[in-house]
Amino acid sequence: MTKQTSWTIVGLSVFVAFHLTADLATAQSTAGTQRGIALYGDSAYEGFSQAIEDIYLGSEDLGRIIELPVKVGQRVKANDVIARLDDEIEKASMEIAQTQASMLGEINAAQAALDMQTIRVEHLRRLMRDEMAGSDELRRAEMELKIAAARLLTATEQRTLRSAEANRLELQWKRRTIRAPFDGVVAEKKAGLGATITPSSPEIVRLVRTDTLHGVFNVMADRALQMKSGMETQVYFRAARKTVDGKIDTIGPSINSESGTIEIRVRIDNPTGELRPGDRCTMRVVAPNLSDEGPESVSKLRKSGVNRW
C-alpha cells in the first residue's frame, strides 16, 4: 500500500510540473507576441531615441522677464510667444525713429527751392538770348540750381537713413519678444517670471521638436558599411512598447577607434507625439533588395503578422 501511494505521489508531481512548464512557456510566448519583436539576435541593434531639434531659447540682451505664458509640457506652434522682456525704452526709441523717418518737411522745402531755381535759370536763359541778362548772372544761377539739387538729394538720403535706423530699432524691439522657431514642446524652464536675463545666462526655456525623432545606434563598422541612407528600418521603443517604421537618415563619416562602431541615425516620423525622446530602442534594417549572403545584421521583412528579431 505504501509503495503504491509513493508511485501515485510521484506521478502527480510529474503531471503538475509538466503543466506548470507548459503554462509558463505559453505565457512567455504570449508576452513575446504582444511585444511584437524579440530584443535579441545579431540582426538587432540597441540605441536610444533623440529629438530632431533640442535647443535652449533665450536672449543675448539684458532685460527682465515680464511675460512667460508657457509651462513645462506645453505644445507650442512656430512663432508663438515664449517670453517677453521689458521693452519700454526700445519701444519709445523705435517710435521716435519712425516719426523722424516719416517727416517730409525738409524734402518738400528742398524740392521747392529746386523748382524755384529751375524756373529762374530758364528765365535768365531767355533774357540772355534777348541780350537782356549777362553770362555771369546765368552761370551763378546755374550753380545755385546745382546746389539746390544737391540739397534735395541730401534730404532724401537723410530720410532713407532715418528709415533704416527706424527699422534697426524695430528689430531691436522685436528681439525683446522670444518666439518659438518651430513646433515643439516646452521641456524645461531655466528662468521664471521677473528674472533678469544676462549675456552670461541667456537661457529661458528648453524647447524640443518631437514630430520627428532620430534613433541613434552604434553599429559595428563592417556591418554599418553595408548600410545606406534611405534604407527601411523597424524600430522598437521599449517604454512605448511599439514598433514603428523608419529610414536611415545619416551614417557617421568616421569609425570610433575605441568601440569600432559607426553612428547610424534613423529618421522616425512621430506626428502624434506618442513616442518620446530618450526611450531605449532596438533597430533592425529591412533590406529586401540584398542577397541572403549578406551579413546577419541585414534581414528581410517577413510578410507574416509578427516579426521576431
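Let's take contact to mean heavy atoms within 4.5 Å. The model is predicted, so local features need pLDDT of at least 70 and side-chain atom pairs count only at pLDDT 80 or more, while totals for chains, interfaces and linings use all residues. Residues are numbered from 1 along each chain as its sequence is written, and side-chain values use heavy atoms, with hydrogens and water left out.

**Exercise 1.** Work out what share of the contacts between residues at least 6 apart in sequence join residues at least 24 apart, and what share of the chain is buried.

*Solution.* Start with the contacts: among those linking residues at least 6 apart in sequence, 73% join residues at least 24 apart. Next, burial (under 20% relative accessible area with a 1.4 Å probe, protein chains only; exposed is over 50%, partly exposed in between). Of the 309 residues in the chain, 31% are buried.

**Exercise 2.** Check the length of helix α3 and find its buried residues.

*Solution.* Helices here are DSSP runs of H or I, at least four residues, numbered from the N terminus. Now for its buried residues: I107, A110, L114, Q117, V121 and L124. Their cover includes α4 (135–174). After α3 comes E131, with a positive phi near 60 degrees.

**Exercise 3.** Is E88 buried or exposed?

*Solution.* First place E88: it sits in helix α2 (residues 88–102). E88 counts as exposed because its relative accessibility is 53%. Finally, its C-alpha lies 8.9 Å from that of W173, 85 residues away along the chain.

How values were computed. Helices (H or I, at least four residues) and strands (E, at least two) are DSSP runs, numbered from the N terminus. The expected span of a helix is 1.5 Å times one less than its number of residues.
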